[in-house]
Amino acid sequence: MMVNCCGLLTANKALVPLKSIEVELEVRDHVATVVSTLTYENKEDKPVEAVFVFPLPGDAAVCHFSAKIGQTQIVAEVKEKQQAREEYDDALSSGQQAFLLEESEQSPDIFTLSVGSLPPGESASIRLEYVTELAVQADDGLRFCLPAVLNPRYQPQGSGGSEGASVQVTSVPASLVPYSLSFSARVSSPRPVSKVESNCSLDPLQHLNTEQTQATVKLAAGHKFDRDVELLIYYKDAHQPTAVVEAGQTTAKTGTLMGDPVVMLSLYPEFPQSVMSSVASCGEFVLLMDRSGSMGSRMNNGRGQQTRISSARDTLLLLLKSLPMGCYFNIYSFGSSFEHIFPKSVEYSQSSMEEALKKVELMEANLGGTEILKPLKHIYSQPCIPSQPRQLFVFTDGEVFNTKEVINLVKKNSGSHRCFSFGIGEGASSALINGLAKEGGGHAQFITETDRMQPKVMQSLRFALQPAVVDITVTWDLPKGVSATALSPPITALFQGQRSLVYAQLTGQSSEAAQGCVMVKYSLAGHPSQNPLPFNLKPAEDSGLTVHRLGARTLIRSLEMEEREHRGQQDEGVKKKVVELSVQSGVSSSYTAFIVVNKGNSKPIQGPLVRRNIPTPVLLKARARPKIARFGCCRGATLGSLHRKMGKPNQMLSLLQLNSSSAVLSSALDDEDIERPIPKQPCRDSLLQVVSLQNASGSWLFNPALADVLGKTSEEVDKSKPALVTQEVWATILALIWLHAFKMDAKEEWELLAMKAVSWLRAQNAPSVAECVEAGNALLGCKVQEDVLGL
């Protein structure tokens with residue numbers, strides 16, 4: 001279905017009113033405050049309304065919005081969404097300037113900014129501020145991502161949604177974005193800042209003090225809008241559990257969220273090594289793979305050798321080889337429809353693994369759109385297998401429209417499984433990927449740029465094979481007269497080395513030197529454990545209201561989830577609570593919007609108002625089929641009718657440049673309209689060749705293919721074999737020596753399957769293992785010790 005929206009822009013893009021975006025990032029330990037300044041200028045001879053749809057991190061708390069017109073600065077108020085929209089319309093119809101910022105009702109990581117009635121020749125500057133927590137990576141880096149790329153979101157046919165909830169995205173190839181981006185970051189922490197890495201070119205890191213606890217960094221000149229800006233921040237010492245108490249707002253009433261102190265706890269559980277080294281030998285592993293058209297695009301912004309789907313196939317190979325004997329598994333794939341390899345999960349064996357791998361090899365990005373809800377419903381309708389905890393792995397490039405509906409379904413079934421999610425490529429929805437893992441008690445990973453998918457997926461498999469932490473409770477020991485009210489939902493998952501955050505409102509009075517303590521109790525593999533975290537109740541100096549806003553955002557998200565779960569069954573009580581909390585804290589929600597009206601410009605704006613959709617960068621990975629190439633036209637509109645609620649589009653809009661001398665075309669583009677030539681597959685690397693030859697049991701059979709990868713002939717391998725050893729034991733020891741000698745840089749990818757091989761060798765009780773290792777080293781020209789192999 002084609003959406004009627006303004007789409008014809010001149011090729012030199014002179015009509016686009018957004019001129020520049022300036023982003024300032026301030027990171028304090030693991031919390032980031034982001035200030036974006038967007039400058040608009042109307043160079044036309046008539047007044048315009050500029051509409052800009054853009055992505056933000058899915059867990060961001062938007063807490064400030066203001067507009068500067070000339071020398072006048074006006075700060076926005078948070079109001080109920082419908083009321084804000086009406087005020088915006090009324091302001092435009094009476095000739096006033098107005099600015100409206102609203103969060104999408106379908107996905108909390110998409111915002112729409114409407115800049116109403118900029119007179120000819122006038123400019124306006126918009127300031128937008130949000131706070132967010134930074135996720136901890138496997139190597140202890142903290143990840144910040146500034147989403148610059150908004151991929152078109154696929155919307156399933158006939159999906160419901162409230163009127164006015166639609167998001168229209170006008171987008172251009174990233175290289176053609178007609179506005180500039182500047183980005184700078186300031187990092188401070190009690191610990192020294194050791195390095196900052198990025199997927200984009202950075203100017204060198206500048207330390208601001210001799211202790212190196214403060215540093216600044218900025219994007220190098222000439223940044224192109226062809227990717228999200230990702231920063232990885234590393235501190236010198238390992239992460240420690242911390243508690244930060246923040247004083248309430250002096251102008252707010254005591255007893256309210258903003259008037260009372262709020263505490264933020266960062267918990268890093270440390271589990272006993274004896275428990276962590278054991279790997280579960282049971283579980284039902286359900287792998288759900290996106291095969292929509294967009295998965296056919298290349299990794300690394302189209303510059304990589306591999307397509308997303310071929311990288312996903314390699315990852316499935318590693319996963320299948322690393323599963324423990326005795327578990328159950330199944331593989332689903334989805335697009336506009338879905339398929340499964342087995343009617344229900346089957347026991348993992350040599351024959352079931354081989355059957356699955358044959359079908360994985362044939363997987364292409366050819367199933368159309370991205371409809372993830374149906375396969376999830378089918379998976380959840382299957383009965384769980386007794387004593388086999390269900391572990392769901394979801395791989396997607398995250399271009400879906402009904403994010404909240406999907407996350408809701410996972411939450412509803414969170415008691416029966418853990419969900420591990422993987423966002424593949426630029427523009428994957430952070431709200432979807434983080435939401436799946438958070439509500440499913442699992443772990444989220446993002447695979448962007450030059451990342452290899454395999455190590456990140458294997459880390460999550462290690463988490464899935466760890467015993468589940470159960471019976472998690474958080475109890476408070478506080479002075480008399482002080483109480484804590486949790487703002488966060490209960491913790492449902494704890495993983496070794498991964499942070500859990502808890503927010504709580506502290507009510508009541510205590511002395512200056514008062515101490516509190518929070519106790520986290522849980523049970524792991526039948527062993528009860530507890531981690532105490534004592535903290536000072538005296539609020540930290542100069543922390544602004546960051547912790548309050550993050551606490552408010554956490555509570556707002558929980559209440560929104562509760563409202564969706566019980567929609568239609570109760571009164572508007574929960575929604576009313578969200579609106580009150582959002583207005584009181586100044587933090588955005590899906591039921592509120594920021595509104596600014598410039599009442600100062602008494603002279604009404606003359607002439608018909610023209611709407612301009614500001615293009616968002618998109619990674620266009622395809623050529624559109626001729627059938628969808630249709631021209632839209634710029635819509636003139638009467639002043640009172642501009643912010644009308646549009647019917648929901650079936651696809652998002654993308655701008656495709658036809659040629660340099662023509663206009664830019666607005667056309668509906670979704671996964672189903674993407675035709676891609678199947679690229680020639682690069683040769684599989686030697687590691688994957690060795691892995692592909694391993695049996696489900698963990699052993700390797702001796703054959704010419706293995707000899708070939710080892711760089712030897714079958715005769716050379718056979719001649720070097722010690723006399724008393726079987727060929728299977730010999731081949732397995734050779735494969736292990738080769739992995740340790742030549743593939744140590746990829747150890748996290750093959751570690752689990754090597755452990756399986758060692759277990760198999762021990763079970764064989766084979767003679768002459770030491771002699772085998774010595775002979776294998778001599779044959780391959782290595783010096784790998786027996787104890788290093790785990791033998």
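Which side chain does Lys79 meet in a salt bridge?

1. The partner is Glu87, at 3.0 Å from N to O. This is a predicted model, and the distance is computed from it. Lys79 has a relative accessible area of 17% and is therefore buried, the limit being under 20%. Glu87, at 24%, counts as partly exposed.

2. The salt bridges come to 22 by the rule applied here. Another of them joins the side chains of Glu371 and Lys374, at 3.5 Å from N to O. Glu371 is buried at 10% relative accessibility, while Lys374 is partly exposed at 48%.

3. Glu103 and Arg557 also form a salt bridge, with an N to O distance of 3.5 Å. The two residues lie 454 apart and link distant parts of the chain: Glu103 sits in strand S7 (residues 97-103) and Arg557 in helix H9. Glu103 is buried at 2% relative accessibility, and Arg557 is buried at 16%. Both belong to a network of salt bridges that includes Lys404 and Glu560.

4. Of the 20 residues in H9, 15 are buried, and the helix is mostly covered.

5. Helices H5 (residues 373-381) and H6 (residues 403-412) have axes that come within 10 Å and cross at roughly 10°. The pair is therefore roughly parallel. H5 contributes Leu373, Leu376, Lys377 and Tyr380 to the contact, and H6 contributes Glu405, Val406, Leu409 and Val410. By class, the contact residues are 6 nonpolar, 2 charged and no polar.

Definitions and conventions. Residues numbered from 1 in each chain as written. Predicted model: local features only at pLDDT ≥ 70, side-chain atom pairs only at ≥ 80, totals over all residues. Heavy atoms only, no water. Axes fitted to C-alpha atoms, helices over the stretch in contact; angles between N-to-C directions. Helix = DSSP H or I, 4+ residues; strand = E, 2+ residues; numbered from the N terminus. Parallel < 35°, antiparallel > 145°, perpendicular 65-115°, else oblique. Contact = heavy atoms within 4.5 Å. Nonpolar A, V, L, I, M, F, W, Y, C, P; charged D, E, K, R; others polar. Buried < 20%, exposed > 50% of the residue type's maximum accessible area, 1.4 Å probe, protein only. Salt bridge = Lys/Arg side-chain N within 4 Å of Asp/Glu carboxyl O.
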